[in-house]
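Reader: I am new to this structure and would like to go through it with you. Could we begin with the terms and then turn to the details?

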Amino acid sequence: MLIRTQDRGYEHPLSSEITPRALVENRRAWLARLATGVAGAALASWAARDALAQGGGAAVPRPGKLPALAATRSALPGAVTLEKLTDYADATSYNNFYEFGTDKAEPARLAHTLKTAPWSVEIDGLVKKPGRMALEDLLKLAPMEERVYRLRCVEGWSMVIPWVGYSLAELIRRVEPLGSARYVEFTSLADPATMPGVRSRVLDWPYVEGLRLDEALHPLTMLAFGMYGEVLPKQNGAPLRLVVPWKYGFKSAKSLVRIRFTERQPATAWGRAAPQEYGFYSNVNPNVDHPRWSQATERRIGEDGLFAKKRKTLLFNGYEAQVASLYAGMDLKVNF
């Protein structure tokens, strides 16, 4: 018979008629071929990444699905993981975007109705320079960078995605927060005419998220306008979204229409829906379980083969060296 792994397509011949010695030799040969292939692919990947880092080119080939969004590879510490990228097809077809439905496949199927032009973002609250900024102006506000971040969902799955954008701090500095500003609130579009999920009662719309001001100013916190070298697909939060790589994915609000600076902690969408399950901080933490499941391990999307094992979840999603100082002295179980 033949055993075929789902994710790599390697075949291993096993037969009840084969002799034990032949079986051992066949197995050794099969494993050697497999190891050679894996090692070769890994070396090729590392060589390509090294060449790109030195040459300053795009980090990954464009999928050719949407308009290109040029960027240079980020030199920011922690901004580029060398882990294998999630396939574009997986990253754009397995999504949480409840404005288009609660099933993972619904955003890719239904988000084509989203109108992303014209688009603007209202900047208000405790800032010296409030106003409405057009998408075209936001795109030109700072040089575009490519950053390869881990994405960890609170549901226990993860991806590795090359985003295109710049640090949110670039925008924050230009609007000049007042001394009384302590938090930043992010509001997503909620249009029942183009977003069928908004007609449901699964959440209190519009979708709202928030960060402490110092979290928002951290250089890893990103305003993303693209991924995989192209503009954002609609199901991934077009035309711009937040990306906060050390927090669970739901903290990275999509399709932003408002950024407000406040003195008080914002009431977030999931915080209102289930405060005992979704705390304000929502830092990735393998030591603090969700009330209904463990957070100690995760399933990397695309690693679903016969022999795939769950990965151990890293504190702060692997960004501890960059962000742990933000929470010095805090009880991360209380401030979950």
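Author: A salt bridge here is a side-chain nitrogen of Lys or Arg within 4 Å of a carboxyl oxygen of Asp or Glu. This is a predicted model, in which local features need pLDDT of at least 70 and side-chain atom pairs count only at pLDDT 80 or more, whereas totals for chains, interfaces and linings use all residues. Residues are numbered from 1 along each chain as its sequence is written, and side-chain values use heavy atoms, with hydrogens and water left out.

Reader: How many salt bridges are there in the whole structure?

Author: The search finds 22 salt bridges. One of them joins Lys251 to Glu209, with the closest N and O atoms 2.6 Å apart. Lys251 is in the loop between β12 (241–243) and β13, while Glu209 is in strand β9, 42 residues apart. Strands (E, at least two residues) and helices (H or I, at least four) are DSSP runs numbered from the N terminus.

Reader: Is Lys251 buried or exposed?

Author: Lys251 counts as buried because its relative accessibility is 1%. Glu209 is also buried, with a relative accessible area of 1%. Buried means under 20% relative accessible area, exposed means over 50%, and partly exposed lies in between (1.4 Å probe, protein chains only).

Reader: Why is β9 largely enclosed by the rest of the structure?

Author: Five of the five residues of β9 (residues 208–212) are buried, so the strand is largely enclosed. Val208, Gly210 and Arg212 point one way, Glu209 and Leu211 the other way, and all are buried.

Reader: Which strand is joined to β9 by five bridges?

Author: That is strand β8 (residues 183–188), which runs antiparallel to β9. Thr187 stands opposite Val208. Two strands count as paired if DSSP finds at least two bridges between them.

Reader: Back to charges. What does Arg300 meet in a salt bridge?

Author: The side chain of Arg300 meets that of Glu83 at 3.0 Å, N to O. Arg300 lies in strand β14 and Glu83 in the loop between β3 (72–73) and α2 (88–91), so the pair ties together parts that are 217 residues apart in sequence. Arg300 counts as buried because its relative accessibility is 6%.

Reader: Another pair, please. What does Asp124 form with Arg258?

Author: They form a salt bridge, the closest N and O atoms being 2.8 Å apart. Asp124 lies in strand β4 (residues 120–125) and Arg258 in strand β13 (residues 256–262), so the pair ties together parts that are 134 residues apart in sequence.

Reader: Finally, which residues touch the most other members of the largest nonpolar core?

Author: Of its 77 residues, these are Trp163, Leu171, Phe186, Phe225, Trp246 and Phe261. β7 gives the most to this core, with six residues. A nonpolar core is a set of buried Ala, Val, Leu, Ile, Met, Phe, Trp, Tyr and Cys residues joined through side-chain atoms within 4.5 Å.
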